Amino acid sequence: MNLSLTKTMETTYITHCIGNETPMGTMEEQMQALHIRPLNTCCCYGYSPKIIPYDMLPSGIRIAEIRRLVHMWVDDMVEQGMRNFLSPMEPGVDQMVAERVIALRSIGNKNLRLIACLTHPAMDRDISLLYRDVFISLCAQADHVLYDNDMCGGRRIRRSVNLLLIKRSVHMLAAYQSGHTPAVLRESKAESVMVRHIRTDLLG
């Protein structure tokens, strides 16, 4: 997969192609073409800090413990026969999931598929260059990078992508703070998706 960066206005965009082809159709149509089914698919949501590197975050947030729990979840999913891992590739939990899948593939789990499902091919200007480097590296190692060409970004689009990931999954990892119930949890319950919870503010 070839990833290239181009500068348009004041926003940096990720453009990708497989061979000379560009993404065709909506993200849902792309998933259908890849035969992504809930039976062996899982996704992740939440905890996306904008401060990179993570050691600059407040000391109350235990990044090492979050990473350990994320890796444990990925390992459990592999044990249960999950093959497809859908990740929006945001900093934090999304990238930790992607890193673990890539690591497991490197030691022999060749049947795993890492699928980047981007809410927008653009990256915010206020996110550090390190995040961009990690983002590009992980997308380059993903088996597929999906996004709608006509996406305009924003909260509405992110929710639509999250809902699509839930509908295509049987398991989900959700990381969030206690007292805050993300909409995706209600949607996952409606779709009978099994959720592993990580409450980031309770880790010590």
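Which residue with a positive phi follows α6? That residue is Ser192, with a phi near 60 degrees. This is a predicted model, in which local features need pLDDT of at least 70, side-chain atom pairs count only at pLDDT 80 or more, and totals for chains, interfaces and linings use all residues. Residues are numbered from 1 along each chain as its sequence is written, and side-chain values use heavy atoms, with hydrogens and water left out.

**Overall picture**

- The chain has six helices and nine strands. Helices (H or I, at least four residues) and strands (E, at least two) are DSSP runs, numbered from the N terminus.
- Of the 204 residues in the chain, 47% are buried. Buried means under 20% relative accessible area, exposed means over 50%, and partly exposed lies in between (1.4 Å probe, protein chains only).
- Among contacts in the chain with a separation of 6 or more, 74% join residues 24 or more positions apart. A contact means heavy atoms within 4.5 Å.

**Confidence**

- The average pLDDT of the chain is 77, and 69% of the residues score at least 70. pLDDT is the predictor's confidence in each residue, from 0 to 100.
- Confidence is highest in strand β4 (residues 84–87), with a mean of 96, and lowest in strand β1 (residues 2–8), with a mean of 40.
- Residues 1–22 have pLDDT below 50, yet this stretch has 53 contacts in the model beyond near neighbours in sequence.
- Where pLDDT is low, the predicted coordinates should not be read in detail.

**Helix α6 and Ser188**

- Helix α6 spans residues 183–190, and its buried residues are Val184, Leu185, Glu187 and Ser188.
- Seen down the axis of α6, the buried residues fall within an arc of 165 degrees, so they line one face of the helix. The arc is that of the directions from the helix axis to the C-beta atoms.
- Arg186, Lys189 and Ala190 are exposed on the other side of α6.
- Ser188 has a relative accessible area of 1% and is therefore buried.
- Not counting residues up to four places away in sequence, Ser188 touches Ile166, Met172, Val193 and Val195.

**Strands β4 and β5**

- β4 and β5 pair in the parallel sense over four bridges. Two strands pair if DSSP finds at least two bridges between them.
- Leu86 has Ile115 in β5 as its bridge partner.
- In β5 (residues 113–117), five of the five residues are buried.
- In a regular strand the side chains alternate between the two faces of the sheet.
- Both faces of β5 are covered, with Arg113, Ile115 and Cys117 buried on one side and Leu114 and Ala116 buried on the other.

**Aromatic pair**

- The structure holds one aromatic pair.
- The rings of Trp73 and Phe85 have centres 6.4 Å apart and planes at 90 degrees, so the pair is edge-to-face. Rings of Phe, Tyr and Trp (its six-membered ring) pair if their centres lie within 6.5 Å; planes under 30 degrees apart count as stacked, over 60 as edge-to-face and the rest as tilted.
- Trp73 sits in helix α2 (residues 63–79) and Phe85 in strand β4, 12 residues apart.
- Both Trp73 and Phe85 are buried.

**Two buried loop residues**

- Met82 lies in the loop between α2 and β4. Its relative accessible area is 6%, so Met82 is buried.
- The C-alpha atoms of Met82 and Asn40 are 4.4 Å apart, although 42 residues separate them along the chain.
- Leaving out residues up to four places away in sequence, Met82 touches several residues, including Leu39, Met77, Leu112 and His171.
- Ser169 lies in the loop between α5 (155–167) and β8 (171–176). Its relative accessibility is 5%, so Ser169 counts as buried.
- The side chain of Ser169 reaches the backbone oxygen of Leu165 at 2.7 Å.
- Beyond neighbours within four places in sequence, the contacts of Ser169 include Pro38, Cys43, Leu86 and Val193.

**Positive phi values**

- Most residues other than glycine have a negative phi, and most peptide bonds are trans.
- His35 has a positive phi, near 60 degrees. His35 lies in the loop between α1 (27–33) and β3 (41–46). At 56% relative accessibility, His35 counts as exposed.
- Met89 has a positive phi, near 65 degrees. Met89 lies in the loop between β4 and α3 (93–106). Met89 is buried, with a relative accessible area of 0%.

Notes: Polar contact = N/O pair within 3.5 Å; in protein donor to acceptor, adjacent residues only side chain to side chain.
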